[in-house]
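Good morning, colleagues. Please look at the sequence and the structure on the screen while I go through a few points.

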Amino acid sequence: PSPYVLCVLKESRGQKAGFVGGDVLLQVAGRPVSESVASFDKAYSQARTEAAKKREALRVKVKHTNGATETLAVRIPPLGIQRSRNSRREGGADGVS
């Protein structure tokens, strides 16, 4: 099965971008998402780093639970800005887990 969004933290970058629980991840930065969690994690990390370097939003294509597909733009902070210590425990840097 494809990776999907389990939950989204209120007022997180993920929620502001439009992610909701149950969204299936189809593409990250225009590249198809792998079903392997390890491959997805690596591809997501690389795309996130590229977006941060370019100071661009990270574009993620999702399929919502109602069947509609949408490309969402997640604002990524520039490199060098630290995330909170609890960000991983609280759903990752973008508020999506």
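Ala29 is partly exposed, with a relative accessible area of 35%; the term covers values between buried, under 20%, and exposed, over 50%, taken with a 1.4 Å probe on protein chains only. This is a predicted model, in which local features need pLDDT of at least 70, side-chain atom pairs count only at pLDDT 80 or more, and totals for chains, interfaces and linings use all residues. Residues are numbered from 1 along each chain as its sequence is written, and side-chain values use heavy atoms, with hydrogens and water left out.

Ala29 sits in the loop between E1 and E2, and its phi is positive, about 55°, although it is not a glycine. Most residues other than glycine have a negative phi. Arg55, in the loop between helix H2 (37–54) and E3, also has a positive phi, near 55°. Arg55 is exposed, with a relative accessible area of 65%.

Let me turn to the fold. The protein has two helices and four strands, in the pattern α-β-β-α-β-β along the sequence; these are DSSP runs, helices (H or I) of at least four residues and strands (E) of at least two, numbered from the N terminus.

Strand E1 (residues 24–28) is joined to strand E3 (residues 58–63) by four bridges, and Val28 stands opposite Val60 in E3.

Key:
Two strands pair if DSSP finds at least two bridges between them.
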